[in-house]
Amino acid sequence: MVSHFENAVVRAVEMMRANMGEPVTVDDMARAAMFSKFHFTRIFQRVTGISPGRFLSAMRLQEAKDLLLSTSMNVADISVHVGYNSVGTFSSRFTRSVGVPPTEYRRSRGVSHLVLSGDPEESSSERAAGVVSGYISVPSAAEVDITFIGLFNTWVPEGRPIRCAIQRGAGRFILDKVPDGIWYLLCQGVVKDAPEPGPDSVTPPALRVGNFGPIRIHDGNAVHANVRLRTARVYDPPLLLALPDARTVTPIRPHRRHAGLVGHAA
């Protein structure tokens with residue numbers, strides 16, 4: 001059942017979407033939510049896990065991703081359309097959050113294998129020995145075609161995950177060599193044979209999402225995390241980083257010491 005607070009956040013998010021290219025303040029969001037500024041900020045953080053400003057920034061970059069793939073608008077026009085006065089600032093933030101520059105994102109049709117290549121900067125130390133493992137479940141066992149599992153330092157799935165895995169369907173997973181710190185496990189599944197979103201759709205019907213956290217890793221401890229994927233909601237922070245093409249992903253080999261899948265972040 002949707003709560004009074006969730007309805008307020010939905011009103012604020014819909015106002016943000018309707019005014020993507022305009023300066024939007026926390027006062028504007030609070031008025032749309034019909035709460036005082038002080039209470040609105042606390043409620044928004046409680047419902048979404050992040051601040052209203054951070055959420056708006058993620059929404060703008062998600063809109064930019066959509067425009068890069070669905071229109072012929074140039075990068076400068078897109079940056080203005082989503083609320084940036086400087087194309088340089090837009091490009092740098094897009095690159096940091098998505099993992100590739102806007103022009104490369106368009107050229108590759110939104111596909112990138114960088115998230116699965118190389119070693120993560122944060123876990124370069126040989127002492128990174130933490131383990132996060134668990135089970136990804138879905139309402140219907142056969143509905144998810146491919147699932148992304150990543151550890152991030154905030155609830156927003158952007159930039160380079162500290163560790164990640166991409167696997168076919170749901171099931172067991174293992175992320176090893178996790179460095180000490182506080183992390184958030186964010187998962188996204190792509191529904192098999194999903195219909196195209198309608199013109200009035202505000203969330204992609206092809207997505208199932210789930211999260212777990214915060215997760216504290218200290219001295220290489222192991223944490224068990226079970227995540228049940230659900231339909232993406234209006235107020236779920238969008239997954240900003242560019243992922244590989246689902247058709248090119250092969251199951252990751254089980255870890256020698258564990259039954260499951262191991263992933264390596266960019």
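Is C164 buried or exposed? C164 is buried, with a relative accessible area of 0%; here buried means under 20% relative accessible area, exposed means over 50%, and partly exposed is in between (1.4 Å probe, protein chains only). Some notes on the rest follow.

1. **Ground rules.** This is a predicted model, in which local features need pLDDT of at least 70 and side-chain atom pairs count only at pLDDT 80 or more, while totals for chains, interfaces and linings use all residues. Residues are numbered from 1 along each chain as its sequence is written, and side-chain values use heavy atoms, with hydrogens and water left out.

2. A disulfide is a covalent bond between the sulfur atoms of two cysteines. Taking a disulfide as a pair of cysteine sulfur atoms within 2.5 Å, the count comes to 0 disulfides.

3. **The sheet.** An open sheet of 5 strands has the order β3-β2-β5-β6-β9, and its pairing is antiparallel. The edges are held by β3 and β9 (230–231), each with a single partner strand, so one side of each is left without a neighbour in the sheet. Helices (H or I, at least four residues) and strands (E, at least two) are DSSP runs numbered from the N terminus, and two strands pair if DSSP finds at least two bridges between them.

4. **Strands β2 and β3.** Strand β2 (residues 144–152) runs antiparallel to β3, and 6 bridges join them. Two pairs can be picked out by eye: L151 has R163 of β3 as its bridge partner, and I149 has A165 of β3. Both strands are mostly covered: in β2, 8 of its 9 residues are buried, and in β3 (residues 163–168), 5 of its 6 residues are buried.

5. **On to β5 and β6.** Strand β5 (residues 181–191) pairs with β2 in the antiparallel sense over 8 bridges, with Y184 of β5 as the bridge partner of F152. Going on through the sheet, 9 bridges join β5 to β6, and these strands run antiparallel as well. Here the bridge partner of W183 is I215 in β6.

6. P214 sits within strand β6 (residues 207–217).

7. **Positive phi values.** D219 has phi near 55°, a positive value in a residue other than glycine. D219 lies in the loop between β6 and β7 (222–224) and is exposed, with a relative accessible area of 62%. R109 also deserves a look: phi is near 60°, again positive in a residue other than glycine. The loop that holds R109 runs between α7 (102–107) and β1 (130–137), and R109 is exposed with a relative accessible area of 51%.

8. **S108.** The loop between α7 and β1 also holds S108. S108 is buried, with a relative accessible area of 17%. The side chain of S108 reaches the backbone oxygen of Y105 at 3.3 Å.

9. **Nonpolar cores.** By a nonpolar core I mean a set of buried Ala, Val, Leu, Ile, Met, Phe, Trp, Tyr and Cys residues joined through side-chain atoms within 4.5 Å. The largest has 50 residues, and those with the most contacts inside it are V13, M29, F90, F94 and F148. Helix α4 (residues 52–70) gives the most to this core, with 8 residues. Apart from it lies another core, of 20 residues, including V132, V138, L185 and V227.

10. **The second largest pocket.** A pocket is an open set of points on a 1 Å grid over the protein atoms alone, where a 1.4 Å probe fits, with protein on both sides within 12 Å along at least five of seven lines; lining residues have an atom within 4 Å of a point. Grid points are joined across faces, edges and corners, and a volume is the space filled by probe spheres set on the points. The second largest pocket holds about 310 Å³ of space. Its lining counts 20 residues, of which R54, R96, S97, E158 and G159 lie nearest its centre. The elements that give two or more residues to this lining are α4, α6 (87–98) and β2; α4 gives the most, with 4 residues.

Conventions:
Polar contact = N/O pair within 3.5 Å; in protein donor to acceptor, adjacent residues only side chain to side chain.
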